[in-house]
Structure formats: C-alpha cells, structure tokens
Amino acid sequence: MVLTDKQKEDLHRAILDYLKTAGFADSADSFEREAKVSSSDGTRGQLEQKWTSVVRLQKKIMDLEEKIQQMQEDMGSVHKMGGLKNGVDAQLPRPPEAFALSGHRDNITAVKFHPVFSLAVSGSLDATMKVWDYDSGQLERTLKGHTNAVNGLSFDRTGNLLASCSSDMTIKLWAFQSFECKKTLQGHEHSVSDVVFMPSGDFLASASRDRTIRLWEVSTGFCVRTLKGHEEWVRSVIVSEDGSSLVSCSQDKTVRVWDVARGEFMAVMREHDHYVECIALSPASLSQLETPEGVIYKGKPGPGNFLASGSRDRTIKIYEVATSTTIMTLVGHDNWVRGLQFHPNGKYLISVSDDRSIRVWELKTGRAVKTIHDAHKHFVTCMDFHPKALCLATGGVDNVLKIWSSR
C-alpha cells in the first residue's frame, strides 16, 4: 500500500509524538531532523489509538473467519446431502449455543423438554431438578425432594406429570402445574437409572442397578410387574410408540427388546464390546433405511422400525427391530457415547459423547455430516432433541445445560 504525502506527514508526526512522550529524547531529535517534521497537537496519542484499533479489528476478523468456516462446513454438509429440501436439512443443531445455563452444583445427568410449553427440565448429581425457559434462558423453578443423584426424567404426553428417578432408589411423580411431589414409588433395591412413561400415561417403566425393569401403575404407585433378564446394571429403558414393547440396555453389553404383555424379552442384541449406555427408537418418518452398501431394509408404516444403541466401546449400532439384525456401525466418537436420538425427519441420528462433542450422522451414508467439537468444557453426559422446536439440549460434567438452536 502506497501512502500519500499527507499520510506520510501525519504518520511521521505521530511517530515523533510517541518517541517524545515515551521518553526517547535522542531518538526523537534524530527522527525530527531526518524526517523534517515537527510535533503537532493534532497527532498526540494517535499512534497508540491506531495500534489498539488494529488489535480490535484483528480480533473481529478472527471471529468472522471462524463464523465463515462454520458456515462453509454447514453448506458443505448440505451440498453432500443433495441440497436443501424445504429447509429441513438445515434444521440441525449449530454453534454457538443459544444459552449456557448455570445453576446446578454438580454434574448434569438428565434433561427433558416439556411436550407443550417452552420449558426444559434438568436433573443433577446435586439431587435437584431445575426448570428452565429455553426461549429466554431463565431459571423458572428448582425442584427438591430426592436425597441422591437424579438420573432420569420423563413427561407424560400431556406434560401434566413429570417422573424423576434417583440413586436414592425411588421414583417421584410431580404435578407440573403446582410443582408438588404427588407420589414416591419405592421397590427397586438399588439406584434407579432411568424412567419413562408409557404412551397411555397410566403406567411407567423404570430401569435399575438392581438388574430389573419395573412397570408401575401411575394412579396407585404400585409395581405391577418386574422384568428380569439382564445380568448387570440396566442403564436405560425406552418404550415403543404403541406401548407394546420396551427396549433396554445394560452393563451386560446387551440390548433387549421386551414384550410388555407377556413380560418376556423377545430379542437380545450382543454386538457391543463394552457397557451399553443409551438407546433410541426411530420415528415414523423412517420406515425404510438404505445402508451405505446399498442394502434396503423396509419396515412397516409407523415408528420403531429401527433401533440405535451407543456404548462405552465408542461406537453406535443401528438394528432392524423386526429381525434383530445389525444394519450398520457408526464410528467416529473418541470416548463413551452417552446420548442418542433420531432426528424427526428420519434422515439423521444425533449423538453426544464423553469426547465433548455433538455429532449428526447421516443414516444413508453412515457418516458424521456435522460435528460440534468442544460442545462442553467436559464430558457431555445427556441430551434431548425437541421434535417440534427443533432445538437440542445437552448437559455435562461442567454443570452446565446448553440449548442449541437449529434455526
């Protein structure tokens, strides 16, 4: 860049002013003679101002370059996926997070979106649950009642009842309008690791370290059935859309599909090499799945045709439920896989891991088409994806709940 004569004169005067104010008298005298300039009040402090402005601009440039890089990655992913289709493919979680919500005094272990209101509930090792407005990032309420870590959360379909389970060996039912604990269900002989309402809302299922799954009647709080079969701690349990079957995973390295009416398991998947931490059933939009090898698996119309499991062996397995066939293995996480959920459009699977990342997998290719590295400062322990608001909530060992927007 070539400076004009006026710009050169202003620069020389600014340098001369800096040398004088900094105490470099000899250098200032020499520079004044050689540059043939004299001090001016108009250039006082100008060099320092220009320098600090350059530093600020450099930071802005770096921030913009980072945003551009992320946008290029997003656009690259969209291009690989064949472009936008009614904007659905763009509705994936993207950085930075919309909110980083602090308040818990220990690791966040569970998170669940309310099915009706713009609220999310988080559970923690600090034995409390916190209710957050995910649109504003405001803390609405803290629920206390458990005497040990809160491990799992579930809403009934109306959102009127919240179930929480804990290492204190109990399940609590909360009236979500009044935030009062209505019932405490007791019967498990060790930590209760997960809980889920059945679709009817009349019953709920729980998984425990006592190696059992229990079915409870909501109105009475009584245990009506105990399912036995796992040989180790049952980590998680989920229910099919019609309520006819349950799926569980365990530290015995298996995934089991249960017939609720008979109280027996119908299938056992033994594909993982380590404890299985999480499971997810496919939505109704995924009735057919084509593998990267071109093999097509056709299911029945409706949800639950396919099942995903995440393990401490750092892999994710996808199964066809009807045949218990392993369709594919997703490899990419560098640590335990802690949470899974299918995207409601049926094209992607979202996962979180102790490697601190969030990954979005395209099921057709079996590849991670989007990765948010360092999503948390420590292990990412839990997640929930809102099927209508299309936002993601993640909790971590850093005691922070994060809300990620997809829009």
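User: Which residues make the nonpolar surface patch of about 280 Å²?
Analyst: Patches gather residues with over 30% relative accessible area and no salt bridge, joining like charges within 9 Å and nonpolar side chains (Val, Leu, Ile, Met, Phe, Trp, Tyr) within 5 Å. Accessible areas follow the Shrake-Rupley method with a 1.4 Å probe, and for residues only the protein chains shown count as cover. A salt bridge puts a side-chain nitrogen of Lys or Arg within 4 Å of a carboxyl oxygen of Asp or Glu. The patch of about 280 Å² is made by Phe 203, Phe 222 and Val 224.

User: What kind of model is this?
Analyst: Residues are numbered from 1 along each chain as its sequence is written, and side-chain values use heavy atoms, with hydrogens and water left out. Local features need pLDDT of at least 70, side-chain atom pairs count only at pLDDT 80 or more, and totals for chains, interfaces and linings use all residues, for this is a predicted model.

User: Is Phe 222 buried or exposed?
Analyst: Phe 222 sits in the loop between β12 (212-217) and β13 (223-228). Helices (H or I, at least four residues) and strands (E, at least two) are DSSP runs, numbered from the N terminus. Buried means under 20% relative accessible area, exposed over 50%, and partly exposed in between (1.4 Å probe, protein chains only). At 55% relative accessibility, Phe 222 is exposed.

User: How many residues of strand β25 are buried?
Analyst: In a regular strand, side chains alternate between the two faces of the sheet. On one side of β25, Tyr 348, Ile 350 and Val 352 are buried, and on the other Leu 349, Ser 351 and Ser 353 are too. The buried count for β25 (residues 348-353) is 6 of its 6 residues.

User: Which residue in β25 stands opposite Phe 342?
Analyst: Strand β24 (residues 337-342) and β25 pair in the antiparallel sense over 5 bridges. Two strands pair if DSSP finds at least two bridges between them. Opposite Phe 342 stands Leu 349.

User: Which residue in β26 is the bridge partner of Val 352?
Analyst: β25 also pairs with strand β26 (residues 358-362), antiparallel, over 5 bridges. The partner of Val 352 is Ile 358.

User: Which residue takes a positive phi near 75° in the hairpin of β25 and β26?
Analyst: In the hairpin of β24 and β25, with 5 residues between the strands, Gly 346 takes a positive phi near 80°. The hairpin of β25 and β26 has 4 residues between the strands, and there the residue is Arg 356.

User: Which backbone nitrogen does the side chain of Ser 124 reach at 3.0 Å?
Analyst: Ser 124 lies in strand β3 (residues 119-124) and is buried, at 0% relative accessibility. A polar contact is a pair of N or O atoms within 3.5 Å; within protein, one must be able to donate a hydrogen and the other to accept it, and residues adjacent in sequence count only if both atoms are side-chain atoms. The backbone oxygen of Asn 107 lies 2.9 Å from a polar atom of the Ser 124 side chain. The nitrogen reached at 3.0 Å belongs to Asp 126.

User: Which residue meets Lys 402 in a salt bridge?
Analyst: Lys 402 is found in strand β30 (residues 400-404) and is buried, with 11% relative accessibility. Its side chain reaches the backbone oxygen of Ala 375 at 2.7 Å. The salt-bridge partner of Lys 402 (3.6 Å, N to O) is Glu 97.

User: Where is the cis peptide bond from Pro 95?
Analyst: Pro 96 is found in the loop between α3 (46-80) and β1 (99-102). The cis bond, with omega near -5°, runs from Pro 95 to Pro 96.

User: How far apart are the closest N and O atoms of Arg 312 and Glu 277?
Analyst: Arg 312 lies in the loop between β21 (306-311) and β22, and Glu 277 in strand β18 (residues 276-281), so the pair ties together parts 35 residues apart in sequence. Arg 312 is buried at 14%, and Glu 277 is buried at 8%. Their closest N and O atoms are apart by 2.6 Å.

User: Which residues are linked in a network of salt bridges?
Analyst: The structure holds 13 salt bridges. The network links Arg 235, Glu 277, Arg 312, Arg 338 and Asp 354.
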